[in-house]
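Me: I would like to go through this structure with you. Shall we start once it is on screen?

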Amino acid sequence: MKKVVKDFINNSYQILSDKEEFDMVISQVLSFKNSDGTTGFQAIAVSQNDPSEIRCIRENIQGKSEYMKIPEWDYNIEDYLLDDLENGFEIEYMTIDEHCGIWYTIDNWREDISHMKGLQKYLSYCQQNEITSQVISLYSSDHINISDLYQEANGPYKIIAETSIGSRAIVLGHSSISPSPYVTWDTTPNRKHGYYAGHYFSSYTDAFKDYKERCQVIMSKHLEFERNKTKPNKVKKEYER
């Protein structure tokens with residue numbers, strides 16, 4: 001976590017403490033750009049004893065913090081997360097409990113979510129930070145999976161296929177507006193390092209052939225890596241004789 005985010009969280013807890021709200025836990029921090037180009041932060045805090053008690057702490061353009069009580073009836077992830085994400089906010093910090101609540105809400109609101117760009121941005125964050133259905137299931141008794149709602153894209157290309165093996169992944173993308181409508185990329189399962197070594201094609205047949213060949217390459221490298229991990233250290237053994 002960035003130092004500036006940690007400082008904002010510490011300052012927010014101090015504000016809550018000054019108001020004798022000692023049971024409040026900061027569940028998320030978003031960053032945003034002010035009109036003068038500086039970065040501001042916004043935190044949501046929830047009472048451990050009464051989840052209906054919600055607070056928002058926000059830095060204004062002068063760097064001073066504003067404290068607000070949010071009525072329970074007014075708080076929802078559409079207006080306080082997805083809408084913000086659509087308007088340029090970025091997630092800087094979020095607890096796993098908050099993720100569980102968001103996944104549960106999204107799963108129940110599947111047909112009613114209006115801020116789809118914000119939803120895609122949130123799901124992209126989850127992918128990059130390895131917030132998966134398996135992780136959520138460790139903290140929730142409900143088996144929730146909303147990954148099917150994610151339409152991954154890189155530029156104009158929508159990702160239509162993926163194979164992940166170990167720390168590597170190959171993806172196949174399609175674009176209806178690009179001169180080369182199909183592409184394969186090397187990447188990582190969480191996309192931390194972006195997409196690289198793109199191979200572009202005019203036909204799906206050629207692209208899918210390349211996709212399978214690249215998948216085979218990372219499979220072979222992964223198997224070789226696993227074999228080498230289990231090989232005895234011959235040099236060490238000979239030295240010990």
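Me: Which residue caps the N-terminal end of α2?

Reply: Asn-76 does, with a side-chain oxygen 3.0 Å from the backbone nitrogen of Glu-78. Helices here are DSSP runs of H or I of at least four residues, strands are E runs of at least two, and both are numbered from the N terminus.

Me: What should I know about the model and numbering?

Reply: This is a predicted model, in which local features need pLDDT of at least 70, side-chain atom pairs count only at pLDDT 80 or more, and totals for chains, interfaces and linings use all residues. Residues are numbered from 1 along each chain as its sequence is written, and side-chain values use heavy atoms, leaving out hydrogens and water.

Me: How many residues of α2 are buried?

Reply: Seven of its 10 residues are buried (under 20% relative accessible area, with a 1.4 Å probe and protein chains only). Among them are Tyr-80, Leu-81 and Leu-82.

Me: What covers them?

Reply: The cover includes β1, β2, β4, β5, α3 and α4.

Me: At what angle do α2 and α4 cross?

Reply: Their axes, lines fitted to C-alpha atoms over the stretch in contact, come within 7 Å and cross at roughly 90 degrees. That makes α2 roughly perpendicular to α4 (65 to 115 degrees, on a scale from 0 to 180 between N-to-C directions). In this contact (heavy atoms within 4.5 Å), α2 uses Leu-81, Leu-82, Leu-85 and Glu-86.

Me: Changing topic, what follows α2?

Reply: Just after α2, Gly-88 takes a positive phi of about 95 degrees.

Conventions
Parallel < 35°, antiparallel > 145°, perpendicular 65-115°, else oblique. Buried < 20%, exposed > 50% of the residue type's maximum accessible area, 1.4 Å probe, protein only. Polar contact = N/O pair within 3.5 Å; in protein donor to acceptor, adjacent residues only side chain to side chain.
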